Amino acid sequence: REPMWVLGLVVLMDEIDKNIVRGLIDPLKADFGVGDFAIGVLLSLQLLFNGVVTVPAGYLADRWNRTRAIGTTVIAWSALSAAGAGALGFGMLVGLRSLLGFGQGVSEPSAASLLGDYYPPERRGKAFSIQMAMLFVGTGVGVALGGWLGIAFGWRWALLVSALPGLMVALVVYRLREPK
């Protein structure tokens with residue numbers, strides 16, 4: 001059962017990192033003096049890059065060590081999320097948040113492929129349902145965490161704090177074996 005939960009944690013952290021800015025909209029608007037259109041660009045570009053990268057990453061997921069690819073991308077997106085805390089301007093924040101889509105676009109097809117190898121057909125449905133449950137939990141936690149941390153400590157600290165658990169998750173992913 002371990003791979004199902006470890007890969008579920010990857011999805012959880014992915015969604016928290018992806019959605020934390022949704023809870024930080026008001027502080028970001030106030031700090032950067034931007035409006036709804038700019039926030040829409042911030043939220044949309046990450047999804048766009050994620051979509052563009054997912055198909056080639058799915059092709060590569062069949063040809064590389066998926067556990068290493070996932071662990072490395074979790075570290076990369078955690079670093080990018082933390083780097084966003086130091087954004088000097090709104091454009092820099094948009095750029096850093098957009099790059100998150102690349103890392104997350106790599107981890108998702110690799111995780112799905114791994115689940116297919118780890119579990120026989122009669123147990124895959126449960127494994128994939130854990131992934132989907134973690135997606136929804138991560139979305140809610142990301143927005144709530146962003147709102148809470150943004151109010152309590154500011155948006156910069158929210159991005160920094162949300163990045164730290166990803167590093168621990170990456171270490172656990174590196175412990176997974178790559179199925180033959």
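Is glutamate 178 buried or partly exposed? At 25% relative accessibility, glutamate 178 counts as partly exposed; buried means under 20% relative accessible area, exposed over 50%, and partly exposed in between (1.4 Å probe, protein chains only).

## Basis of the model

This is a predicted model, in which local features need pLDDT of at least 70 and side-chain atom pairs count only at pLDDT 80 or more, while totals for chains, interfaces and linings use all residues. Residues are numbered from 1 along each chain as its sequence is written, and side-chain values use heavy atoms, with hydrogens and water left out.

## Nonpolar cores

In soluble globular proteins, nonpolar side chains tend to be buried together. A nonpolar core here is a set of buried Ala, Val, Leu, Ile, Met, Phe, Trp, Tyr and Cys residues joined through side-chain atoms within 4.5 Å. The largest one has 24 residues, and Leu7, Val10 and Ile70 touch the most other members. Two or more residues each come from helix 1 (2–19), helix 4 (66–84), helix 5 (90–118), helix 6 (121–153) and helix 7 (155–174). Helix 1 gives the largest share, 8 residues. Helices are DSSP runs (H or I, at least four residues), numbered from the N terminus.

Beyond its neighbours within four places in sequence, leucine 7 is in contact (heavy atoms within 4.5 Å) with Ile70, Ala111, Leu114, Leu115, Tyr118, Gln131 and Leu176. Another core, of 19 residues, lies apart from the largest one; its members include Phe32, Ile39, Ala87 and Leu93.

## Salt bridges of arginine 66

The structure holds 7 salt bridges, each a side-chain nitrogen of Lys or Arg within 4 Å of a carboxyl oxygen of Asp or Glu. Arginine 66 is buried, at 5% relative accessibility. One of its partners is aspartate 117, at 2.8 Å from N to O. This pair links helix 4, which holds arginine 66, to helix 5, which holds aspartate 117, 51 residues apart. Aspartate 117 is partly exposed, with a relative accessible area of 42%.

Arginine 66 also pairs with glutamate 178, their closest N and O atoms being 2.7 Å apart. Glutamate 178 lies in the segment after helix 7, so this bridge ties together parts that are 112 residues apart in sequence.

Lysine 18 forms a salt bridge with glutamate 108, with 3.6 Å between the closest N and O atoms. Lysine 18 is in helix 1 and glutamate 108 in helix 5, so the pair joins parts 90 residues apart in sequence. Lysine 18 is buried at 11% relative accessibility, whereas glutamate 108 is partly exposed at 29%. Through shared partners, salt bridges connect Asp14, Glu15, Lys18 and Glu108 in one network.
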